[in-house]
Amino acid sequence: MRAGYRSFFWPGVLITVGIIALLVSSGVISADRLYLLLNLWPVILIVIGLELLGRRAFQGAAGEVAAVLIVAVAVAGAIAYVAIAPSVPGGTNTLDSAVATGSVERASVEVDVGAANLTVEGSSDLGGDLYRAHIEYTGARPDVAFDRSTGSLRISQSNENVPFFQNRNFVLTLKLSPGVPWTITNNTGALAATFRLANVHLHSMEFNTGAGRDDITLGTPSGIVPITVNGAALTVSIHRPGGTATSVAVSGAAVNLDADGRQTHAIGSANWESPNFSGATDGYRFEINGAACNVTVDATGANA
């Protein structure tokens, strides 16, 4: 890189923030639109890259002019985006959903949203309902769809038609009937989840997330139950009943595994099996894959 290189990016950031603050203070745009600035973080990488390319493609003063133009266009675009982009519906909204169990003998639930905070638990107080869902959200109204022919429940929330937009808030409390086997799938951008499934007949679970913090309490398994967690930065705490046959395979760039007090720190992968897993007909098989994984397995779960 040439001596005397000066980036115009950070001055551009200060100009952007200053102009937007002036527009807010003068009443031209509403203060509740400032959250839109958070959606522009990918533009930081794009502008820095374009500025570097412009300086390398043009020499001397021409390179300086190109860099200024790139930053100026980015500043104008950021201001226009905050001023005129479609807004998220104001305030926090709620949505409740429930269906009767009826003739359903096997059920599944899939949660497909952006960042989410989930609490999923088995409940014997549902009467004749298969599930009860309570959602607190901002952004687009979630879609809760149940297919009685397959027993499939899908909870989703679409992103707004704005580049880089992610839903700001999604909190789901889901109660499941323990009367049928459940398959649970989560596809989320970032996940903070608590699963209290000590009295739930679990068939399988799968999580696909960018970053996740999951606390999972399990009951007595029926058959070998597969549980898969895929993501980038993962913290997974697993609580199963004492004596439950369990296998755990963790892979990632940095792995920390604490299984019944036995600690393993590794680069690449770590594996652990309870002494009674080989040949067991009932148990849990965990596969956890991420860039950085912190996994704890203990025997503090409740027997169903």
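Two strands are said to pair if DSSP finds at least two bridges between them. Strands (E, at least two residues) and helices (H or I, at least four residues) are themselves DSSP runs, numbered from the N terminus. The model examined here is predicted, so local features need pLDDT of at least 70 and side-chain atom pairs count only at pLDDT 80 or more, while totals for chains, interfaces and linings use all residues. Residues are numbered from 1 along each chain as its sequence is written, and side-chain values use heavy atoms, with hydrogens and water left out.

Strand 3 (residues 116-122) pairs with strand 8 in the parallel sense, over six bridges; here glutamate 121 has arginine 196 of strand 8 as its bridge partner. Strand 2 (residues 107-112) also runs parallel to strand 8 (residues 182-197), and six bridges join the two. Within strand 8, isoleucine 184 is the residue opposite valine 109. Strand 9 (residues 202-218) is another parallel partner of strand 8, with 15 bridges between them. Threonine 185, for instance, has glutamate 206 in strand 9 as its bridge partner.

Aromatic rings come next. Rings of Phe, Tyr and Trp (its six-membered ring) pair if their centres lie within 6.5 Å; planes under 30 degrees apart count as stacked, over 60 as edge-to-face and the rest as tilted. Searching the whole structure gives three aromatic pairs. One of them joins tyrosine 131 and phenylalanine 146, a tilted pair with 6.3 Å from centre to centre and 50° between the planes. This pair links distant parts of the chain, since tyrosine 131 lies in strand 4 (residues 129-137) and phenylalanine 146 in strand 5 (residues 143-147), 15 residues apart. Tyrosine 131 counts as buried because its relative accessibility is 1%, whereas phenylalanine 146, at 21%, counts as partly exposed. Tyrosine 284 and phenylalanine 286 are both buried.

Finally, the surface deserves a look. Isoleucine 44 belongs to helix 2 (residues 41-57) and is partly exposed, with a relative accessible area of 35%.

Definitions and conventions:
Buried means under 20% relative accessible area, exposed over 50%, partly exposed in between (1.4 Å probe, protein chains only).
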